[in-house]
Amino acid sequence: MNTIKHLFILLFLIQVSCKSTDALTIIKKLEVPKGYTLVWNDEFNKGSKPNPEFWSYEYGFVRNNEMQWYQEENATIKRGNLVITGKREIVNNPNYIAQSNNWKKNRQVANYTSSSINTRGKYEFKYGIVEVRAKIDTASGMWPAIWTLGVKKRWPSNGEIDIMEYYQIDGVSHILANAAWKGKERGVSWDSEAIPFTAFLEKDSDWPNKFHIWKMDWTEDYIKLYLDDELLNTIDLSKTKNVDGFNGFQQPHYLLLNLALGSNGGELKGTSFPRSYEVDYVRIFQKS
């Protein structure tokens, strides 16, 4: 009897130990920058779908003449990560008009699907440090992004911050760190840094198979964008005013996570599917 009792006690202690280890792992992963407080985060540890209190979805053909049809089904929670899956599948376009000049309407079907989620109207913030740990898919045609948009005015007057984009420029894959605003009477102004992806592969040939940390440090005066603690771009916010004097980077922004397919991402014909873009966590810190 005592042997059985001791066995049950041992199993209980092992179970508690495992749970405690998981909790400690989460705590150890959370490093709060000095002088800051964690004000919002999503660790993607619960349920099978993104938390609807935090995230909304985009639907259909949305921007940039991309190939994917955005839908809710392609965003799931697995193994503690947000997984956005790009698929090759046919979806009928309910807005199809054969003679339309609008690319969103003149395609009868979409041949690819993916997801785009955002915090608009659910969580918006002004200034602070944003950290996102993610593993991106670097196959041809992939265009993953971590970005923000201002809540007032239309694009680009509202201000766009690209904490991370991966796509092709003249057929060459790059990682980009950008900001955009309406600094010209017509069109858009950019402060952009585009680093050839080969620069990262030269440092680590296994780079695509690993998670990396993208960070934005946003103050009233500047935006600094980092990848694995390497500074990629510094944007001087005294130079980002729109032609009407409004500065889209001195207002609250909301966050977007998406995997676009085609367009700037490159050719899709030779790419096998499904593809995946994984996000371990999103954390936002502000000064205490």
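Leaving aside neighbours within four places in sequence, Asp-137 is in contact with Met-142, Pro-144, Tyr-166, Arg-275 and Ser-276, contact meaning heavy atoms within 4.5 Å. The model examined here is predicted, so local features need pLDDT of at least 70 and side-chain atom pairs count only at pLDDT 80 or more, while totals for chains, interfaces and linings use all residues. Residues are numbered from 1 along each chain as its sequence is written, and side-chain values use heavy atoms, with hydrogens and water left out.

Asp-137 itself sits in the loop between strand 8 (128-135) and strand 9; strands (E, at least two residues) are DSSP runs numbered from the N terminus, as are helices (H or I, at least four). With a relative accessible area of 10%, Asp-137 is buried, a label for values under 20%, with exposed for those over 50% and partly exposed in between (1.4 Å probe, protein chains only). A polar atom of the Asp-137 side chain lies 3.0 Å from the backbone nitrogen of Ala-139. The side chain of Asp-137 also reaches the backbone nitrogen of Ser-276, at 3.2 Å.

Leu-176, a residue of strand 11, is likewise buried, at 2% relative accessible area. Beyond residues up to four places away in sequence, Leu-176 touches Asp-162, Ile-163, Met-164, Glu-165, Tyr-167, Ile-169, Ser-192, Glu-193 and Ala-194.

Turning to charged pairs, the count comes to 8 salt bridges, each being a side-chain nitrogen of Lys or Arg within 4 Å of a carboxyl oxygen of Asp or Glu. One of them joins Glu-43 to Arg-283, with the closest N and O atoms 2.8 Å apart. Glu-43 lies in the loop between strand 1 (36-42) and strand 2 (56-57) and Arg-283 in strand 17 (residues 275-287), so this pair ties together parts that are 240 residues apart in sequence. Glu-43 is buried at 15% relative accessible area, and Arg-283 is buried at 1%. Glu-58 and Arg-63 form another salt bridge, at 2.6 Å from N to O; Glu-58 is buried at 15% and Arg-63 at 19%. In the salt bridge of Asp-244 with Lys-153, the closest N and O atoms are 3.1 Å apart. This pair links distant parts of the chain, 91 residues apart: Asp-244 is in the loop between strand 15 (230-236) and strand 16, and Lys-153 in the loop between strand 9 and strand 10. Asp-244 is partly exposed at 49%, as is Lys-153 at 41%.

Finally, the pockets. A pocket here is an open set of points on a 1 Å grid over the protein atoms alone where a 1.4 Å probe fits, with protein on both sides within 12 Å along at least five of seven lines; lining residues have an atom within 4 Å of a point. The largest pocket has a volume of about 480 Å³, a volume being the space filled by probe spheres set on the points, which are joined across faces, edges and corners. Its lining has 25 residues, of which Arg-63, Asn-64, Trp-147, Trp-155 and Glu-160 lie nearest the centre. Elements giving two or more residues to this lining include strand 9 (142-150), strand 10 (160-169) and strand 11 (172-181). The second largest pocket has a volume of about 220 Å³, and Glu-43 is among the residues that line it.

Notes: A polar contact is a pair of N or O atoms within 3.5 Å; within protein, one must be able to donate a hydrogen and the other to accept it, and residues adjacent in sequence count only if both atoms are side-chain atoms.
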